[in-house]
Amino acid sequence: MPINYYIFLSLALFCIGIVGVLTRRNAIIIFMCIEIMLNAVNLLLVAFSKMHHLKNAAINATAGTDGQIFVFFIMVVAAAEVSVGLAIIVMMYRNIHSVDVNFLNRLKH
Amino acid sequence: MNALLLSAVLGVVMMFSGIWLKSKSAIRNVAIVGMALLLVVNILEMSGMIFFRIDTKGMIVFDRFALLFDSIAFLSTLLYLFLSAQDIEKVGINYADYFALIFFILCGITLTSSFKSLLILFLGVEIISIPLYILTGSDKRNLKSNEASLKYFLLGSFSTGLMLMGIALIYGDKGSFDTNSINLITETPSALIVAGMLLLLFSMAFKVSAAPFHFWAPDVYDGAPTVFTSFMATIVKAAVFIAFIRLFEEAFGNLQNKWQLLMAIITVATLFIGNITAVFQQSVKRMLAYSSIAQAGFMMLSVYAMNAEAKEGLLLYSAAYSFATIGIFAVLIKMKDYTFDGFNGFAKHQPLLAATTTIFLLSLAGIPLTAGFLAKFYMLKAALGTGKYLWLVIFAVIMAAVSVYYYFRVIQAMYFKEGDPPVLQITPVFKWTLVILAALVILLGIFPNLLLTWYYF
Amino acid sequence: MIHLLQTGLNSADSGSFLPVAVQFIIATGLVAFLMFVTHMLGPKRKTTDKLQNFSSGIETHGDARQPMAIKYFLTAILFVLFDVEVIFFYPYAVNFKVLGWNGFWAVMLFVGFFLCGFIYILKKGALKWEE
């Protein structure tokens, strides 16, 4: 399959994520949209990694593997972000009993 | 490499000191000793004593620029701990954990100042950001703190998403994350490289709160506990600027004529929004938040200019800005009332504190004989050195003049207005550290080479 | 991105997507059709009994949004964190022999830091169920 399909699929996913972040009001759904963005990047990185491997495998046997390693790091960092983010959302919920970001206007003077 | 490993280990040590040590002063002392050790070890590395030699396959390079900035960051943090370590106690019950998070952030700072691979840039930025989300929300019962934390978290991870997309697109074109091999770009960069560079530019502008990506900064800085605002508005911001200039010099240096105009526009917008909005603030804390955006505008000048003077200037600027702002915040924490009127008559009650605060404010405004003046001077000289966009320099000077207004409002309130600010609890250590900070600000304003010789020898 | 568009577009590749597209159209079409038909054909009786939640004939009482113990969140969050960290063992397992002792010590360092985190949450009492 040509690389274009992967690029378009992951850009589409990425844009869905961006639109979701900008339009949704529920903190958890915004959070899920951010995760979609990160996973779109993961998909793209793996596709590029495969592409570079096919292109350069003759010269360098390990060509393209660094893209996949990067995906591992993104996954781990995303997990750390999930745990911190969920903790923040739970803390918020315990105080105001809502996860609606429209409530976030206390700081606007 | 010394500082990188030691800061991570010290973070773990601080985590456990919260469990084993019962007294708060013991925890504080461990943190301060650890911080001093970190500074000493980093300075030893600058003079050639490297304790750990780990083959990172060229992903991390500790050059002089990185090491000198790390030293500035560690020194600032040490002074910050001397001033504000007792105030961290008032934030919440997890006293030792806050110090642990600060050490982890410093670990991230050593990564962002010395990366040679986009992987390390990403990891460093995230290691800085994730503890900051926690520190912002550390005042768990305070709704403003909660809100700031959630806002920072959502927008911060959004910008991380943009950064990752940029990295992925660049990888698609180049097949490598190494900054040197990304920089081997012919005259016409491909669409992937341009899109990736723009996404990286936006996300870095977001992290340093440059306009038009600044909107999170005032709310987050205002909502976070003031002790942590002090840390994140100074040391962390300077560290991300170091990463910014490093990224654009090493990975996109060959494309300078493509992004320079965009960078100039961002600089102008940041200067304008930061300074003009700061004029209308009623709370000193919020004014300092906008002032940090305005100062970010000046630091953007160095990223725009990208020459030898710009790098020297950025180091000087980060030292001058960090020292002055940490000092002002330390005084602000001791106040009960954060409005300008809260400072009325401050000079009569606390002459020493008022005098040092005046020095810090003068430095931020860029009055001669202070470090802030020379730092701004280096920035403008670097921008002139590019030989393009004279209007940018003129605009920056006008904005520096505007900034004098809101900094002098505090001085005016302290010296020329009658009032009775609440009596503060001031320890001798606090006073002496403030005096040392003020002395450093003036010393760097007269002999900037004290700092900059370290860059070359 | 335009040049990428032009490189790999040939008939054989786009043809291989045809079954997927057909499947996709049939799936969405079926769902839309069924939703439409149920609304048209189904009888409508809107009484109070009918509008209540169905819970196997048992009378409902209380609110579903009861406060849940924070321990569940804590355990779930810690699980996510510790579960995903295992990911770094996969590349190590693949290259176990090649990396040799250097790789072993590097992984030991990772596990050591990891263990510190685990001991920390144990000591903090994050995994205690009874208080």
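**Exercise 1.** Decide whether A:His97 is buried or exposed.

Solution. Start with the criterion: a residue is buried if 20 or more other C-beta atoms, placed from the backbone, lie within 10 Å of its own, exposed if 12 or fewer, and partly exposed in between. A:His97 has 10 C-beta neighbours inside 10 Å, so A:His97 counts as exposed.

The model is predicted: local features need pLDDT of at least 70, side-chain atom pairs count only at pLDDT 80 or more, and totals for chains, interfaces and linings use all residues. Residues are numbered from 1 along each chain as its sequence is written, and chains are lettered from A and ligands numbered from 1 in the order in which they are written.

**Exercise 2.** Characterise the loop between α8 and α9 of chain B.

Solution. Take B:Ser209, which lies in this loop. Its phi is positive, about 55°, though B:Ser209 is not a glycine. B:Ser209 counts as buried because it has 24 C-beta neighbours inside 10 Å. Then take B:Pro212, in the loop between α8 (191–207) and α9. The peptide bond from B:Ala211 to B:Pro212 is cis, with omega near 0°.

**Exercise 3.** How many residues does each chain bring to the contact?

Solution. Count pairs whose C-beta atoms, placed from the backbone, lie within 7 Å. Chain B brings 31 residues and chain A 34 residues. On the chain B side, α5 (118–136), α6 (143–174) and α9 (216–223) each supply at least two residues. α6(B) gives the most, with 18 residues.

Note on methods
Contact = placed C-beta atoms within 7 Å. Helix = DSSP H or I, 4+ residues; strand = E, 2+ residues; numbered from the N terminus.
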